Amino acid sequence: VSSTAIIGGGPSGLATAIMLAQKGWTDVHVYDRLPAPPSPDNDAVWGDTARFYLIGLGGRGQKALKELGVWDEVDRFCTTVVGRMDWAPGSGPDEGVERIFTDRPYLTKVIARDRLVGVLHRIVTERYAEHVRIHHGVACTDVEWLQNEEVEMTVQPTRAADSEVATGTASSCAPRL
């Protein structure tokens with residue numbers, strides 16, 4: 001039995017791991033160069049939103065997260081916004097135009113990107129641990145497609161000198177090791 005590798009443990013990588021586990025894939029490995037994210041419940045970490053890159057989740061993002069069955073957990077940590085500030089090129093910093101949207105079927109929800117990662121990480125580890133393993137502090141340094149759809153992938157710890165090489169079979173939607 002071969003395994004599946006996902007390079008990157010951000011929102012897209014973790015959402016992909018969740019989707020694959022829900023479809024019955026086993027032995028899915030997520031490789032991420034960063035350490036594990038803090039708990040999304042940790043108010044000491046998330047209290048100052050100005051320190052984080054905020055992302056807006058519109059209708060398509062909300063629908064995708066609902067289809068994965070994770071929207072309720074994500075929405076707990078979101079703030080609803082009904083508009084935005086637009087600045088015309090060349091205008092001063094205090095000359096923005098506030099735009100309020102009341103006619104949209106979805107209200108935009110805003111969350112710190114890293115907090116979204118924390119929510120998805122918790123969902124993977126609590127619900128899909130028997131299908132998905134997340135490797136933190138590991139960078140993919142090389143991928144080589146070999147004959148017969150085999151893949152050789154080199155991953156290297158970001159804090160140690162050792163590396164490991166994994167080989168296996170590739171599929172059309174995700175590298176299989």
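**Figure 1. The side chains of His-121 and His-136 are joined by a polar contact of 3.0 Å.** A polar contact is a pair of N or O atoms within 3.5 Å; within protein, one atom must be able to donate a hydrogen and the other to accept it, and residues adjacent in sequence count only if both atoms are side-chain atoms. The model shown here is predicted: local features need pLDDT of at least 70, side-chain atom pairs count only at pLDDT 80 or more, and totals for chains, interfaces and linings use all residues. Residues are numbered from 1 along each chain as its sequence is written, and side-chain values use heavy atoms, with hydrogens and water left out. His-121 lies in helix α5, which covers residues 113-127. Helices (H or I, at least four residues) and strands (E, at least two) are DSSP runs, numbered from the N terminus. Is His-121 buried or exposed? His-121 counts as buried because its relative accessibility is 15%; buried means under 20% relative accessible area, exposed over 50%, and partly exposed in between (1.4 Å probe, protein chains only). When neighbours within four places in sequence are left aside, His-121 is in contact with Leu-14, Ala-36, Pro-37, Ile-134 and His-136, where contact means heavy atoms within 4.5 Å.

**Figure 2. Helix α5 has 15 residues, His-121 being one of its buried residues.** From its first C-alpha to its last, α5 reaches 21 Å, close to the 21 Å expected at 1.5 Å a residue. The expected span of a helix is 1.5 Å times one less than its number of residues. The buried residues of α5 are Arg-115, Leu-116, Val-117, Gly-118, Val-119, Leu-120, His-121, Ile-123 and Val-124. What covers them includes the helices α1, α2 (43-46) and α4 (71-75), together with the strands β3 (54-57), β7 and β8.

Figure 3. Buried in α1 are Pro-11, Gly-13, Leu-14, Ala-15, Ala-17, Ile-18, Leu-20 and Ala-21. The cover over these residues includes β1 (4-7), β2 (28-32), α5 and β8 (132-136). Gly-24 follows α1 and has a positive phi, near 95°.

**Figure 4. A polar contact of 2.7 Å joins the side chains of His-135 and His-29.** His-135 is placed in strand β8. With a relative accessibility of 13%, His-135 counts as buried. Which residues does His-135 touch, not counting those up to four places away in sequence? They are His-29, Val-30, Tyr-31 and Asp-32.

Figure 5. Thr-108 is partly exposed because its relative accessible area is 28%. Thr-108 and Gln-62 are 46 residues apart along the chain, and their C-alpha atoms are separated by 8.8 Å.

**Figure 6. The largest pocket holds about 200 Å³ of space.** On a 1 Å grid over the protein atoms alone, a pocket is an open set of points where a 1.4 Å probe fits, with protein on both sides within 12 Å along at least five of seven lines; lining residues have an atom within 4 Å of a point. Grid points are joined across faces, edges and corners, and a volume is the space filled by probe spheres set on the points. The largest pocket is lined by 14 residues, of which Leu-34, Pro-35, Pro-37, Asp-114 and Val-117 lie nearest its centre. Helix α5 gives the most to this lining, with 3 residues. By class, the lining has 8 nonpolar, 3 polar and 3 charged residues. Ala, Val, Leu, Ile, Met, Phe, Trp, Tyr, Cys and Pro count as nonpolar, Asp, Glu, Lys and Arg as charged, and the others, Gly among them, as polar.

**Figure 7. The second largest pocket holds about 150 Å³ of space.** Its lining consists of Trp-46, Thr-49, Phe-52, Leu-54, Phe-77, Thr-79, Val-110, Ile-111, Ala-112 and Arg-115. Strand β7, residues 108-112, gives the most to the lining of this pocket, with 3 residues. The lining residues divide into 7 nonpolar, 2 polar and 1 charged.
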